[in-house]
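Follow along with the sequence and the 3D view.

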Amino acid sequence: MISLAGRDILHSWSKFVLTGIGLGLLIGVTLTMAGVYRGIVDDAKALLNNSGADLWVVQQDTQGPYAESSSIHDDVYRSLLSLPGVARAANVTYLTMQVRLNNTDVRAMVVGFEPGQPGEPGYLIAGRHITRNHYEAVADVKTGFQIGDTIQIRRHDYRIVGLTQRMVSSGGDPMVFIPMKDAQEAQFLKDNDAILNERARTAANPSLNRPGVPGLLEAIQASQNANRNVNAVLIKVLPGSQPDMIANEVRRWKHLQAFTRVQMEEILVAKLIATSAKQIAMFLVILAVVSAAIVAFIIYTMTLGKIREIAVLKLIGTRNRTIAGMILQQAIGLGLIGFLVGKTAATVWAPFFPKYVLLEPGDAVRGFVVVMVICALASTLAIRAALSVDPATAIGG
Amino acid sequence: MKLNIFFSRKFGLAAFATVLLIGFGFVVSRSGPLAPTKVSITRVQSGSLSSSLFGIGTVEARRTYFIGPTAAGRVKLVQVDVGEHVKSGQLLAEIEPVDLDERIRSLDAAYARASSAVVAAEAQRRDLLARQTVANLNAKRYRDLGDKNFVSPSAVESKQQELASAQAAVDASDANLQSARMEVVRLKADHEALGQQRKNLRLVASIDGVVTSRDAEAGSTVIAGQSVLKLMEPNSLWVKVRLDQGRSRGLANGQAASIALRSNPGMPLTGKIVRIEPLSDSVTEERIALVAFDQIPVGLSIGEMAEVTVQTAANQTGLTLPNAAIKQTPQGAGVWKLDDGKPVLVAIKLGASSLDGLVQVLDGISSGDEIIVHSERELSAGGRVKVVEKLAGTRQ
């Protein structure tokens with residue numbers, strides 16, 4: 001028994017293949033859009049994963065450090081370390097800024113961390129961890145920095161000693177890790193003009209610059225330039241401890257806000273990236289519907305294009321089942337080619353996107369099922385049209 | 001001919017299907033959950049590392065001198081300016097003496113007067129001594145005449161009384177003279193005291209040094225203890241270095257240090273640790289060490305930032321690993337070891353570390369073990385890995 005579908009495909013294989021590739025590219029775009037949406041959500045989760053923390057302790061009544069700004073004293077971690085169940089606690093600062101390399105600058109989230117503590121990059125893809133407590137940096141590979149580069153953050157130069165990967169902020173900006181004390185300075189130290197201006201203002205204030213009290217002005221100015229704040233304390237709990245219990249303890253007795261991993265994810269996914277994620281999701285839905293419609297129309301018009309041949313088949317007495325089978329097989333074949341091309345294309349071009357595109361296998365499977373179902377549904381329309389054709393059409397009726 | 005076309009079509013289609021399937025298979029195996037994690041590995045070997053510490057500090061003067069008055073006053077003149085070298089004992093500034101000179105002149109007059117009073121008292125004493133001599137002779141003569149009853153006893157007693165009076169007058173003049181002399185001494189001491197006070201208003205250099213700050217100008221009023229000028233000894237400059245407490249192990253006096261000044265970071269200078277402060281900063285959690293230059297560079301400015309690298313111990317041998325391989329877990333440090341091509345987390349004990357990123361491993365692994373250094377994502381025990389030469393390049 002010969003395959004009617006196979007024969008037909010062979011007859012006009014270039015048309016079939018080109019249609020399949022075209023369909024595939026459309027499916028690829030849809031899969032990529034799904035990947036963009038997943039990527040946005042995954043960026044937010046990567047931020048939480050990479051911090052390696054079970055609890056985030058921030059300023060009272062804020063939802064920091066990612067969604068809101070938060071500022072707490074840098075010795076708070078000592079009192080947190082003494083809570084039962086806390087294994088490790090470390091200060092951390094986050095500051096999104098332009099990091100300069102020669103004449104260009106890169107948007108990056110500068111993270112101040114304590115080496116060997118939560119907040120440190122968990123793995124490197126090149127180089128080493130920071131060994132000096134000043135002026136060394138580990139950068140995400142997405143920044144485009146290389147080992148040995150000298151980057152500029154505020155007034156100091158930092159040497160890149162290590163590279164890491166997938167360390168991004170919730171907005172997808174790559175991270176640059178620098179030692180805690182440098183980060184505090186970068187975040188809170190004003191520029192030289194502002195410092196001079198501030199000194200002049202203080203000196204002009206007669207109640208602070210009193211002739212009878214030498215040294216008062218100097219003392220005030222010295223205290224103005226010191227800032228010993230951080231954005232958050234990351235806590236790693238002991239195995240077997242309940243982060244919720246510790247969070248309650250911190251909220252109740254330390255007059256600080258504490259978030260567990262689940263709460264933080266809620267803040268990031270449901271609040272911080274909600275609008276942009278919904279925007280992409282909306283677009284994804286429309287794209288999926290449009291793609292489905294186009295797939296259906298292509299299969300339908302392809303069958304209509306063969307209406308004369310089908311009429312001939314009917315004329316020579318081919319059974320309806322055989323004709324229906326031929327159309328269904330072609331539709332499924334087209335869908336298969338489309339999916340394979342689409343998935344391959346999406347995977348090939350995904351790394352070139354500036355932000356992370358996460359192609360989940362689950363999405364691919366769902367996409368495959370949807371494509372097949374749409375092809376089958378579209379073919380039923382085409383089958384209806386084919387079966388209702390008058391055999392007389394074959395002889396020019 | 002027709003057959004050929006038919007077969008070529010069939011082959012074309014088959015070729016397309018093969019290419020598509022191979023492409024898809026490649027994509028599935030290279031990305032997604034089925035793809036292995038790319039890693040780079042190193043073999044544990046024994047080596048040597050020289051541990052050193054890194055800190056930043058500022059250039060400071062070991063001794064700084066605040067030159068100022070001991071009592072409130074108005075500055076009369078300031079003779080030196082910032083940056084000038086001064087010699088020990090050189091007049092730097094002077095405080096307005098107000099009425100001090102007049103008081104000295106008044107004392108001078110009082111002193112002259114007191115000296116005259118001494119002369120007058122001496123003359124008076126001489127006069128009284130002469131009277132006493134005459135009274136003594138008269139008394140002796142009358143006593144003899146009285147014994148021979150040439151004069152009445154009352155006349156004798158009268159002369160005796162004159163002698164006693166003259167004697168008393170001499171005693172009084174002695175006391176008077178003594179008092180006048182004492183007055184001279186007192187006024188002299190007062191004079192000297194005022195002179196000292198006057199001298200105290202001259203602010204002189206206590207050492208050979210350089211003026212670092214001119215804090216008051218002529219005409220401005222300063223209070224006791226406030227500085228008019230600040231001096232420092234240029235040959236006492238050193239660097240006050242702050243080192244992270246967590247990484248200050250092995251710090252000791254006398255260790256060699258390399259000092260990179262912010263003004264000239266490419267040419268590090270040599271020095272050594274001369275003091276480790278017994279008090280460390282509990283707020284910043286830093287230890288403070290003082291590093292002296294082997295040779296103080298020309299044009300060094302106080303307050304300049306410097307990066308200091310201290311050699312704490314030379315060439316310790318043992319098993320070493322790059323620090324990128326070390327994972328911190330709540331149970332302590334660990335490394336991913338390749339066991340039959342699968343990663344296994346092994347707990348290790350760490351020793352000294354060097355600034356170039358090598359860590360000494362005391363326990364947990366043995367020489368020749370394959371340890372994962374870099375990985376493109378977090379590893380899990382038993383996960384699939386693919387060993388590659390390197391994951392990301394360095395700029396050429």
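Helix α12(A) has 27 residues, and at 1.5 Å a residue they should span 39 Å; the end C-alpha atoms are 38 Å apart, which agrees. The expected span is 1.5 Å times one less than the number of residues. Helices (H or I, at least four residues) and strands (E, at least two) are DSSP runs, numbered from the N terminus.

This is a predicted model: local features need pLDDT of at least 70, side-chain atom pairs count only at pLDDT 80 or more, and totals for chains, interfaces and linings use all residues. Residues are numbered from 1 along each chain as its sequence is written, while chains are lettered from A and ligands numbered from 1 in the order in which they are written.

**Burial in α12(A)**

Which residues of α12(A) are buried? They are A:Ala364, A:Gly367, A:Val371, A:Ile374, A:Cys375, A:Ala378, A:Ser379, A:Ala382 and A:Ala386. A residue is buried if 20 or more other C-beta atoms lie within 10 Å of its own, exposed if 12 or fewer, and partly exposed in between, with C-beta atoms placed from the backbone. The cover over these buried residues includes α2, α9 (274-305), α10 (307-315) and α11 (320-349) of chain A.

**Helix pairs**

Two packed helices are described by the angle between their axes and the distance between the axes. Axes are lines fitted to C-alpha atoms, for helices over the stretch in contact, and angles run from 0 to 180 degrees between N-to-C directions.

| Helix pair | Axes come within | Crossing angle |
|---|---|---|
| α2(A), residues 13-51, and α12(A), residues 361-387 | 11 Å | roughly 145 degrees |
| α5(A), residues 192-204, and α6(A), residues 216-224 | 10 Å | roughly 145 degrees |

The α2(A) and α12(A) crossing is right-handed. On α2(A), the contact uses A:Ile27, A:Leu31, A:Ala34 and A:Arg38; on α12(A), it uses A:Asp363, A:Ala364, A:Gly367 and A:Val371. Residues are in contact if their C-beta atoms, placed from the backbone, lie within 7 Å. This contact has 5 nonpolar, 1 polar and 2 charged residues. Ala, Val, Leu, Ile, Met, Phe, Trp, Tyr, Cys and Pro count as nonpolar, Asp, Glu, Lys and Arg as charged, and the others, Gly among them, as polar.

α5(A) also passes α6(A) in a right-handed crossing. That contact has 3 nonpolar, 3 polar and 2 charged residues. A crossing is right-handed if the near helix is turned clockwise from the far one by less than a right angle, and left-handed if anticlockwise.

**The cores**

A nonpolar core is a set of buried Ala, Val, Leu, Ile, Met, Phe, Trp, Tyr and Cys residues joined through C-beta atoms within 7 Å. The largest one has 120 residues, and among those touching the most other members is A:Leu55. Its largest share, 12 residues, comes from α2(A). A second, separate core has 19 residues, including B:Phe54 and B:Ile259.

**Where the chains meet**

How many residues of chain B are in contact with chain A? There are 37, and they are in contact with 40 residues of chain A. α1(B) gives the most to this side of chain B, with 10 residues. The side divides into 16 nonpolar, 12 polar and 9 charged residues.

Strand β21 of chain B holds B:Ile371. With 22 C-beta neighbours inside 10 Å, B:Ile371 counts as buried.

Conventions: Contact = placed C-beta atoms within 7 Å.
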